[in-house]
Amino acid sequence: MRGRRLFAQRLFVLAAACAAPVVVSQSAYAVGEQNARLSGTILEAGTGVPMPGAKVTIRSEAMIGGSKSALTDDDGRFDFLSIPHGNYEVTVEYEGLQPLRRRVKLQLGETRTLKLDFAAELAQGETTKIFEERTRIDSEKVSTGRVLTAEQQAKIATGRSYQNIVQQLPGVVGGGNPVMAGGSFRHNRYLVDGLDITDPVSNTFSSNFNFDAIGQVDTSLLAIDAQYNSLGGVINLVTKRGSDKFAVDTSFYFNHQALSSGSRAGTQLYEGRLLDQSDPRPPNAAYQFNLNVSGPIVKQKLWFYISTELRYTAQALVPGAPLNVQHATREFYGAYPRVKLTWAPSARHRLELSFNADPAWIYNTIQTNSTTNEAETIQRQGGNFASLNYDWFVSDNVIFNLQTGVTYSNIAVEPIAGDRVSPRHTDVANNIAWNNAGQSRFVDDKRFRVQFDPNVTWVKKGWLGQHTFKAGLQGQFLRHYYYTATPANSTYLDDTSADGTVLSRDPTSTERPYGCVPVDPNPKMGSAATPCYQFNTFDPALAQVRYGFAVGLFLQDTWKPLSWLTVVPGLRADYGYTQNSRGETVQNLLGFGPRLGVNIDLTRDGKTLLKMAYGRANEVVSLLPTFSADATSQASTWQYTRSTGRFDRFVTASGGGDGYDLRGRCDDGSLRIECGNAKLSLTPPHSDSVTVSLERELFANLIGSVTYSYRKISFQWEDVELNAQSSLDGGRYVNFADPTKGNVFAYRPSEAAFRRYNGVDFAVSGSPSANWTVFVAYTLSFLEGTSDDQITLLRNDTPRDLRFYGYLADDHRHQLKVQSSYTFHGLTGGVNMTYMSGAPATRIYRQSKPDSSGYVGRYSWRGLDPAADPNDIRKWTELRSPDLVELNVRLQYDFHELIKQHLSLIVDLFNVLDLSTPVGGSNQAGFENRDIVTTFGTVISRQTPFRAQFGVRFQY
C-alpha cells in the first residue's frame, strides 16, 4: 500500500512539473469531443523529402460548408482541426502533376495522422484511382475506451439503447447504469453532443433516447484527459446531423410472449427444480417505431435532422407466492422526439442547436407477487434538454468552442387509484401489501442542470516540437425540487399470525387479510387475536428545494517533441458547493486533479504503441448527499400493546429535522455547522487511475492490445450513525443516546468507503475485410473495497465495519465479450456474446421481529458463506453466483441488390441457448437474502428466456 502511495505521489510531482510551464492545455481530440482531427505529412516518393506547398483538400458529406483546403508547410505537414467524424476523400495536388487521392474514415474523438508518398508523375487524362487508407493506431489518445458506431450496432442484436451497448466494452459489468472498470454505477458521466445529462441527484443516466439518432458513442473507462472529471467512465453520445442530401430512416421492431420460450416459475432454489410457466404465459411484449428525416434547408449552410421514437412495452411477473395470482402488467408508453440544426453562417463559424424530449407513462411500477394490484402506483416521467455547440475557427490553428445547455427531468408518482386517505397495510405473516400504496407514494420530483463550458484550442509549431494546447472553464448550476407525501400519513404493519393461527390467511386465497382497525382490534368474534402489530406515522406533505453549483478549470497540452513520442500533461481544479432546503451547507469542496499521459511509437512506423497514463478526478458537487442530509418527513414506529389496546409503545423514529447533523467541532470545543460540512474541505471523493497499454497492428485494419488498469476511488460519501447503539452482535439497536431522536446521521466523505480495481484487458478489433468486422476481448479483473454504493450500512455500526471489506458485488473475475458480423450480398449475420464469471453472493442474516426492525446483521466478510456456525471462521468459504453466458444473434437481409432500395428484414434472437442463470435483483446477484435457513438461495431473478424479435427498416 505504501509503495502505491509513493508511486502516485511521484506521478503527481511529475505531472505538476510538466504542466507548470504550459500555461494552456488539453488534447482537443479526446473522449467527449464532438469531432475528429486529420493531419499528416506529404513526402516525395522514393526520396522521403517533405513537399511544401502541396494543396491538400478534404471532402465529406458530414462536413457542412463544402470542402476544406490547406497548403503543406515547410516540413510537408497539413492539419485539419475539429472536423466531423465520417468518411473523407483526401486529394493532394501539385501543379502539373497527377493528383493523389485517398479515402479515410474518421471516428469520433480520433486523431488520424497520414504519411503520404507523392509520386511525381505528369498529369494524365484518365481518372485517378482512390485508395482506401488503412486503420491506424491513434498515437495522441491517452484515455482507454472504444468508439461504438451506428454501423457496427446495426449488424448485431442489442437492446437498442445506449445504456445497453456500453456493456460490450471490456471491463464493464452491471445493468442499465454500467460499472466501468471498477467505478460505481453512480460515478459515470453521460454526455449528448457535449451536454452533461447525468442525473444531478442519483448520478445515473437521466434521459431515454432515440437509438437510431445516435451516430457514434465514444466511451472512456478511465478518463485521463483533463477536460473530463469522472470518477468512473465517460459515455459521450454524438448524434446524427443532416447533410446536403435528403434522407429517411424508418424502422419498426416487435416481440411478444408468443415468440419466447416462456418465463420460469415454480421452485426456484439455486440447487432445486426449475419449472416452465406456460399456461398461460404472462404478458411480455415490446413494440418500437422509429422515424428519422434529415436534409438541407439551405445547401452547404443549414441542415436539419428530425427524429422520433415511439415505444410500448408490457412486462408481467410469473405468478408466485404469496398471492399466487397474475399481478397487473407493467406497461410503459414512451416517446422520444428530437430536433437538431447545423448551421455554417460562414467558413469560420459553425453552430449546432438540438432539442430532445422523452415523456413516458408507466403503470404498475412495483411489480412484486406480494403486492396487490390496488397497492400499485403509476409513474409519469420524462424531461427535455437543449444544447448549443458553437465553434469559431479564429485562425487555422486557434479554435474557440462553447458547449452550453439546459436539462430538466421530472418524475411524478402516485397510487394507481390516486387515493390520499387510505393507509397501506402490510401483513408480516405473509408479507402481503394491500389497500393502498405506502410510504412517500405521492412524489413530484423536478431536477435541473444548467451548463456553460467555453474553451480554447491552440496548435503551436515550434517550442521543441508541436503542441496542441487547450484551456477551458466548466460551470454548472443544479436545482432539485422535491414534493413527497404518504397516503393517510401512515401505514400499518399487521400480523395475522398473532395468537396462534386463528387469523392466518390461506396463502392461495385472493381475499384480503384481516387488517388492523384500532377502534376494533379483535376482528374475530370470541377471540382475543388481533392483527394489530405496529403503526407507522409520517409527517404531512413536504416540499423542498435544494441546489448546488460547481466551477472547474482545466489546462492541458498534447506535446509531440518527436514524431514517435507524445506527452500529454494536464491539470484541473474543481470547486463545488451544495445547500439543502434549510439553507445549510452540505458540500464545500475543492479538489485538484493532475493528469499525465505518455505515448511511445516503439517501432517508429505507427504500428506498435506503448501508452502510459495517470490521472486524478474529484467529485465536488452531487445532490445525492444533499438530498439525504435534509429535513425529510419524520417516520415514527409504535408497537401495539394488548393490555391497553393502543399503539403506545415507541419503537424508533428516523428522519425529520433531527435525523441528521452537519456540525463539526471547532477549536473552542463547540459544535457548529461552520466547523463541519460548511468548512472548506480539500478531500472530496476522488479517483486515482493508472493505465498502461500496448497496442499493435496485427494485420491490415486489425489491431490487438493489452491494457492494465488500476483505479482506487476513495472518500466516498457515507452516513455515520451518531445516536444509536447496536447490540453486541450488531443485529439490532439497543439504546439511543437521545431517545427522542432515533437515528441521527452525519454525512461525510469517509476514508473507510473505498473501491479498488485491478484489471487486464486483452482485445483484438478491426475489419479484416470490407464485409467482416470483429471485436474480441477477455478481461481478468479484481474489484475489492467496502462500498457497493454511496451512503450504505458502512459506518452505521463502526465496530463491525470490518465485515464490509471484501470483493464487491460487481467483482466478475473473468469476462469474455465478442461482437462480430459478416455481410455477403446484402445478407448479414451478427453475433453478440458475453461471458462473465460469478459475483460474490454473501450469505447474511436478517434479524427477526420484534426488536430489530428488519436490520441486517452481517456475520462474515462480504463474499463469504459463514456456514451454520458464523463464529467458526475455519468453516467460512467463498460464495459466488453462477457464471453468466448470453448469446444473441442477428440475421438481416437488405434487398438493395434486388429492388435498388435499402429495405431490410431483421430477426434478432436473444439468449439463443435459453439459459436461466440467476441475475440482478440486488447485490446478492439474483438470490433472496432474507435469512440463513428458509429462503437463502431462492432465486428472485433470472435471465430473460429465449425470445425472438422481428424488425423491418427502410433507408433512403
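**Figure 1. Salt bridge between Arg663 and Asp661 in the predicted model.** In this predicted model, a salt bridge joins the side chains of Arg663 and Asp661, with an N to O distance of 2.8 Å.

**Figure 2. Salt bridge between Asp789 and Arg186.** The closest N and O atoms of Asp789 and Arg186 are 2.6 Å apart, and the two residues form a salt bridge. Asp789 sits in the loop between β48 (772–785) and β49 (806–807), and Arg186 in the loop between β11 (178–180) and β12 (189–192), so the contact ties together parts that are 603 residues apart in sequence. Asp789 has a relative accessibility of 18% and counts as buried. Arg186 also counts as buried, at 15% relative accessibility.

**Figure 3. Salt bridge between Arg447 and Asp199.** Arg447 and Asp199 meet through their side chains in a salt bridge, at 2.7 Å from N to O. Strand β29 (residues 442–461) holds Arg447, and the loop between β13 (195–196) and β14 (214–222) holds Asp199; the pair therefore ties together parts that are 248 residues apart in sequence. Both Arg447 and Asp199 are buried.

**Figure 4. Network of salt bridges around Arg241 and Arg338.** Salt bridges link Asp193, Arg241, Arg338, Lys340 and Glu352 in a network. Side chains of opposite charge can pair when their charged atoms come close.

**Figure 5. Strand β34 and its two pairing partners.** Of the 15 residues in strand β34 (residues 565–579), 12 are buried, so the strand is largely enclosed by the rest of the structure. Strand β33 (residues 542–562) pairs with β34 in the antiparallel sense over 12 bridges, and a hairpin through two residues joins β33 to β34. Within this pairing, Ala550 has Gly576 of β34 as its bridge partner. Strand β35 (residues 585–601) runs antiparallel to β34 and is joined to β34 by 15 bridges. Here Pro569 has Leu596 of β35 as its bridge partner. The hairpin formed by β34 and β35 has five residues between the strands, and Gly583 in the turn has a positive phi of about 80 degrees.

**Figure 6. Aromatic contacts of Phe549.** The whole structure contains 26 aromatic pairs. In the pair of Phe549 and Tyr575, the ring centres are 6.2 Å apart and the planes lie at 55 degrees, so the pair is tilted. Phe549 is partly exposed, at a relative accessible area of 32%, and Tyr575 is partly exposed at 27% relative accessibility. Phe549 also pairs with Tyr577: the ring centres are 5.7 Å apart and the planes are at 35 degrees, so this pair is tilted as well. Tyr577 lies in strand β34, 28 residues from Phe549 in strand β33. Tyr577 is buried, with a relative accessible area of 14%.

**Figure 7. Charges over aromatic rings.** Lys68 lies over the face of Phe393, at 5.3 Å from the ring centre. Arg420 lies over the face of Phe442, with a distance of 3.9 Å to the ring centre.

**Figure 8. Nonpolar surface patch with residues from β19.** Phe252, Phe254, Tyr287, Phe289, Leu291, Leu310, Leu905, Phe950 and Val952 make a nonpolar surface patch of about 680 Å². Strands β16 (247–255), β19 (284–298) and β58 (947–955) supply at least two residues each, and β19 gives the most, with three. Leu310 is found in strand β20 (residues 302–315) and counts as partly exposed at 43% relative accessibility. Tyr287 of the patch also belongs to an aromatic cluster with Tyr312, Tyr333 and Tyr363.

Figure 9. Six of the six residues of strand β43 (residues 716–721) are buried, so the strand is largely enclosed by the rest of the structure. Gln716, Glu718 and Val720 point one way from β43, and Trp717, Asp719 and Glu721 point the other way. Strand β46 (residues 745–750) pairs with β43 in the antiparallel sense over six bridges. In this pairing, Glu721 stands opposite Phe745 of β46.

Technical notes: Residues numbered from 1 in each chain as written. Predicted model: local features only at pLDDT ≥ 70, side-chain atom pairs only at ≥ 80, totals over all residues. Heavy atoms only, no water. Buried < 20%, exposed > 50% of the residue type's maximum accessible area, 1.4 Å probe, protein only. Helix = DSSP H or I, 4+ residues; strand = E, 2+ residues; numbered from the N terminus. Pairing = 2+ DSSP bridges. Phe/Tyr/Trp six-rings, centres within 6.5 Å; stacked < 30°, edge-to-face > 60°. Lys NZ or Arg CZ within 6 Å of the ring centre and 35° of its normal. Patch = residues over 30% accessible without salt bridge, like charges linked within 9 Å, V, L, I, M, F, W, Y side chains within 5 Å. Areas by Shrake-Rupley, 256 points an atom, 1.4 Å probe, with all protein chains shown as cover. Salt bridge = Lys/Arg side-chain N within 4 Å of Asp/Glu carboxyl O.
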